[in-house]
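Colleague: Could you pick one part of this model and take a close look at it for me? After that, please carry on to whatever else deserves a comment.

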Amino acid sequence: MKVAEVIVDVPARQTDRPFDYAIPEKWEDILQPGMRVTVPFGTRRLQGFVIHIKSHSDVKTLKPIEAVLDVTPVLNEELLELGKYLTETTLCFAISAYQAMLPAALKAKYEKEIRLVREENRALLPETIQPLFQDRSTVDWKEVEHSDWLRPLQKAIQQGYLEVVYHVKEKAAAKTVKYVELAQSHEEVGRAIDALPANAAKQRQLLTALLSANEAVPLRSLLEQTGATYASLKSLVAKGLVAEKEIEVYRDPYGDRSFPTTAPLSLTAEQEKALSSVIESVRTNKHEVFLLYGVTGSGKTEVYMQAIEEVLRQGKEAIVLVPEISLTPQMVKRFKGRFGSQVAVLHSGLSIGEKYDEWRKIHRKEVQLVVGARSAIFAPFENLGMIIIDEEHETSYKQEENPRYHARDVAIYRARVHGCPVVLGSATPSLESFARAKKGVYQLLTLQKRVSDNGMPDVHIVDMREELRSGNRSMFSRALFEKLKDRLHKGEQSVLFLNRRGYSTFVMCRGCGYVIRCPHCDISLTYHRAGQRLKCHYCGYEEPITYHCPSCGNEHIRFFGTGTQKVEEELTKLLPEARVIRMDVDTTSRKGAHERLLAEFGEGKADILLGTQMIAKGLDFPKVTLVGVLAADTTLHLPDFRASEKTFQLLTQVSGRAGRHALPGEVVIQTYTPEHYSIALAAKHDYDAFYQREMVLRKMHGYPPFYYLTLITVSHPEITKAVAVTDKIAAYLRAQLSNEAIILGPVASPIARLHDRYRYQCMIKYKREPNMTRALKAVIDRYQHDVSQGDLSITIDTNPYTMM
Ligand SMILES: Nc1ncnc2c1ncn2[C@@H]1O[C@H](COP(=O)(O)OP(=O)(O)OP(=O)(O)O)[C@@H](O)[C@H]1O
Ligand SMILES: [Zn+2]
Ligand SMILES: [Zn+2]
C-alpha cells in the first residue's frame with residue numbers, strides 16, 4: 001500500500017505538519033507530490049497538498065484520500081522545497097506557504113449541506129423543520145445558519161435523521177465555450193444536405209457553413225453567421241450529423257487590445273555595458289545578483305528587455321517583477337509589444353478567473369515570460385534563465401501577511417536553484433541592496449546618464465514657511481503657480497504630486513483642540529468629501545461629519561490637511577482653463593479607471609495630472625516638463641526608521657517623471673523642512689551622498705543594513721494582558737539570545753489600539769543569532785493555546801517593513 005503525506009488546509013500550529021493518508025489503489029499510479037487532494041479530517045472534509053509519497057506509515061488505521069483534484073502537480077518539486085524555506089525563514093504554516101504560491105482560484109471553497117439520511121426520515125423530523133425538507137432532501141447550511149431552525153436541526157442530526165455533508169469546491173474553474181463540428185464525413189454530409197426537405201433551409205445553411213469551415217466553429221458565431229436558431233442545430237445533432245463540444249478558452253484581460261510590435265533599440269554605451277554583464281551570466285548559467293543602479297529615465301527597461309531576449313533565445317524562461325502600482329498599461333504595453341504572446345501578466349487588477357488563466361499559461365509552458373506583481377515570483381517555470389525585480393527598493397515586495405516573505409529573497413533563492421542571474425533595478429536602491437553591492441555581494445551595474453540629452457531636470461526647493469510669511473496662504477507657492485501657468489501657455493503637461501502616505505485630513509476643533517478619533521483604533525478619522533463622512537482607514541468605521549465639537553460644543557470644527565479633491569478645487573479656481581485629471585483611490589476604484597485616466601493624459605486630453613503615490617513611478621510621458629510636489633515632508637515624520645529613505649526615494653522617483661524625452665524638465669518641491677537632507681539631496685539627484693549620510697545614522701542607531709530586525713507584536717482586548725505577554729516574551733528572548741542581541745520593549749506600538757485591541761511590541765536587533773528561529777518557534781508554541789482559544793494574537797515579522 002502507498003501512503004501520502006498531506007498538508008491540510010487548516011492554518012494552525014497544531015495542524016502544521018504532514019498527515020498520513022492511504023492512497024486508494026486506483027490512484028496509486030496517478031498521484032504525485034504537489035497535487036491537491038480532498039481528505040477526511042475529523043468530522044470534516046478538507047483540501048490538502050500531497051508533499052511526499054511513501055510505502056509505509058506508523059499510523060495504524062489510515063483514512064483514504066477521497067478525491068484527487070489535479071491531473072498534474074500544481075506545485076513542482078522546486079516549489080515544494082521553496083515552501084519549506086518559507087516556513088523556516090518567515091515562521092509561517094506550511095499550508096500558508098503553499099497557498100501563497102498558487103492563484104486564488106485553486107483555493108478550496110468549503111460548503112456545508114444538511115441532508116436527509118433516508119427518505120423515511122422525512123416524516124420523523126420535528127414539525128418545525130419539516131417544511132424545510134418538503135420538496136427536497138438537502139438544505140444549504142448558509143440558508144439556515146442564522147435561523148431559528150438551527151436547534152431542531154441539530155437535534156435531528158444527533159438523532160441520525162439528518163447528516164451534515166461537506167463539499168470542497170474550487171473558487172473558479174476553467175472557462176469553456178461551446179463549439180460545433182461535423183460528426184460525419186464530407187460525403188455523408190453532402191448526401192444529407194441533398195436529402196433535406198425543402199423547408200429545412202436553416203439546417204442546410206448550417207451544414208454548408210460547417211462544410212466550408214472544415215473545423216470546429218464557435219456555436220455563437222455559427223448561429224450569428226447563418227441566422228439559424230439553436231433548435232435547428234439541435235435537430236442536426238439529433239440526426240447525428242453534427243456534434244457539440246466544449247472547448248477551453250482563456251479569459252484574456254488584454255484580448256481586446258493590440259500591442260504594436262517594437263524592435264530592440266540601439267543601446268547607449270552604458271546600457272551596452274550593463275547588458276553584456278547580465279548576458280554573460282545568462283550564457284554561463286551563473287547565479288549572480290546584479291544591482292542595476294540607473295538614474296530615472298536612463299533606460300533600465302530596455303536593458304531588461306534585451307537581456308530577456310537572450311534568455312528566450314537560450315530556450316529558458318524569465319520573471320519580471322514590478323510594483324503593483326506601476327504595473328500600468330504603459331509597462332504592459334512595453335512587454336507585450338516586444339514579446340507578444342510569449343508574455344503572461346499577473347496583477348491584482350485581474351479577476352480570479354483571469355489570474356487563473358494567466359497562471360495556467362505558465363503552468364502549461366505556453367508562455368516563457370511573466371510580468372507581474374509580488375506573487376508572480378512563484379510562477380511555476382521549470383527552466384528559469386533570469387529574474388528581474390524593477391524598482392527593487394519598493395516596500396510592496398514584502399508581503400504584510402502570512403507568509404511574510406520578501407520577493408527579493410524568494411527571487412535569490414529560486415535563481416540559486418536554477419543557476420541563473422537576478423537583476424535588481426532602481427534609481428534609488430534600498431540601503432540594504434546598495435550596501436551589499438558595495439561589499440561585492442551583488443555586482444553593481446550603473447547607468448549614470450539619462451537617455452535623453454537634456455539630462456536630469458532642474459529642481460527648485462520652495463520653503464512654504466517663507467511663502468506664508470510673505471502672505472501667500474494658498475497651497476501653491478508663487479514659483480509653482482507661475483510655472484504651471486507657463487506650461488499651460490506652452491501646451492506642455494504638468495504632474496502634481498500630493499504625498500499622502502502617513503498623512504490624513506483629520507478633523508480638529510479650533511476652539512478646544514479636540515481631534516475626532518476612531519472609537520476602535522488609536523488614530524484620527526479621515527474626512528471624505530464624497531458623502532460627507534469621517535472614516536477610519538484602519539478598521540473601516542465611519543460616521544457622518546459633525547459641525548459641532550463633540551467635546552466643547554462650539555461650531556469651529558475644521559478639516560485639516562489637504563486632499564487631492566481640495567487641490568483640484570483650488571486649481572479650478574486659480575487656473576480655470578486648465579484641464580485636470582485627478583488620480584487617487586476615489587477616482588481609480590472602478591475597474592479600468594486607472595488605465596483610462598492615464599491613457600487620456602497620454603493622449604494630451606489634460607494639462608495637469610494630479611495624484612497620490614500611484615503616479616510617482618513608471619510613467620513615461622514625453623510632454624511632461626513640470627513636476628510639482630505639494631508637500632514633501634509628510635513621509636518624514638512617520639514612526640519608521642526608513643522614513644528618510646522613503647522620502648528620498650519618493651521625491652527622486654516623482655521628480656524623475658519630468659523631461660524624459662526631447663523637452664527639458666523642471667521640478668518644484670514644496671516643503672516646510674527644506675534643510676532636511678532627504679529633501680536637499682533628492683533635489684540634487686545625489687543618491688550617493690544620501691547613502692553615506694543615512695548609513696551613518698543607521699549604524700549609530702543599530703538598524704539595517706547593520707543589524708537584522710525582528711518585530712513581535714502582541715495584541716489583546718485587555719491592555720494588561722497585552723503588556724504581560726509581551727513582557728514575558730521579551731524576558732524569554734533575553735535569556736535565549738546572546739548578549740549581542742538588543743531587545744527593545746515591551747512598548748506600545750505606534751498604533752496602540754486597533755479594532756478594540758491593545759497592541760504592544762518588542763523589537764529585536766541582532767547580527768548573528770543561530771538560536772533565533774528556535775527561540776521564536778518556542779514563543780509560538782508557548783502561546784499556541786491562548787492564541788487558538790482566546791483573544792490573544794501574536795505576529796512575528798522576521799524582516800519588518802512597517803513598524804506600525
Ligand atoms: N537606447 C535607447 N535609445 C533611445 N531611447 C531609449 C533607449 N533606451 C531607453 N530609451 C527610452 O528612454 C525612455 C526612458 O527609459 P526607461 O523608461 O526604460 O527608463 P528607466 O531607467 O526605467 O526610468 P525610471 O526609473 O524613471 O522608470 C523610454 O521612453 C525609453 O523608450
Ligand atoms: Zn478604526
Ligand atoms: Zn471643541
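Modeller: Happy to! Asparagine 214 is exposed, because its relative accessible area is 54%; with a 1.4 Å probe and protein chains only, exposed means over 50%, buried under 20%, and partly exposed in between. Before going on, a word on ground rules: this is a predicted model, in which local features need pLDDT of at least 70 and side-chain atom pairs count only at pLDDT 80 or more, while totals for chains, interfaces and linings use all residues. Residues are numbered from 1 along each chain as its sequence is written, chains are lettered from A and ligands numbered from 1 in the order in which they are written, and side-chain values use heavy atoms, leaving out hydrogens and water.

Back to asparagine 214, which sits in the loop between α6 (201-213) and β10 (217-218). Helices (H or I, at least four residues) and strands (E, at least two) are DSSP runs, numbered from the N terminus. The backbone is what makes me point this residue out: phi of asparagine 214 is near 65°, a positive value in a residue other than glycine. Most residues other than glycine have a negative phi, and most peptide bonds are trans.

As for the peptide bonds, asparagine 402 and proline 403 are joined by a cis bond, with omega about -10°. Proline 403 lies in the loop between β16 (384-389) and α13 (407-418). Another cis bond runs from glycine 745 to proline 746, with omega near 5°, and proline 746 is part of strand β31 (residues 742-754).

Now to helix α4 itself, which spans residues 150-158 and has Pro152, Leu153 and Ala156 as its buried residues. Looking down the axis of α4, these buried residues fall within an arc of 105°, so they line one face of the helix; the arc is that of the directions from the helix axis to the C-beta atoms. An α-helix has 3.6 residues a turn, so residues three or four places apart point the same way. Arg151, Lys155 and Gln158 are exposed on the other side of α4. Its buried residues pack against β6 (108-116), α3 (141-144) and β8 (162-170), where contact means heavy atoms within 4.5 Å.

A nitrogen atom of ligand 1 lies 2.8 Å from a polar side-chain atom of glutamine 271. Glycine 297 places a polar backbone atom 2.9 Å from an oxygen atom of ligand 1, and an N or O atom in the side chain of threonine 301 is 3.0 Å from an oxygen atom of the ligand. Of the 640 Å² of accessible area that ligand 1 has on its own, the protein covers 84%, by the Shrake-Rupley method with a 1.4 Å probe; for residues, only the protein chains shown count as cover.

Glutamate 302 lies in α10 (residues 300-313) and counts as buried because its relative accessibility is 8%. Its side chain reaches the backbone nitrogen of leucine 265 at 3.0 Å. Not counting residues up to four places away in sequence, glutamate 302 touches Pro264, Leu265, Leu267, Gln271 and Arg338.

Technical notes
A polar contact is a pair of N or O atoms within 3.5 Å; within protein, one must be able to donate a hydrogen and the other to accept it, and residues adjacent in sequence count only if both atoms are side-chain atoms.
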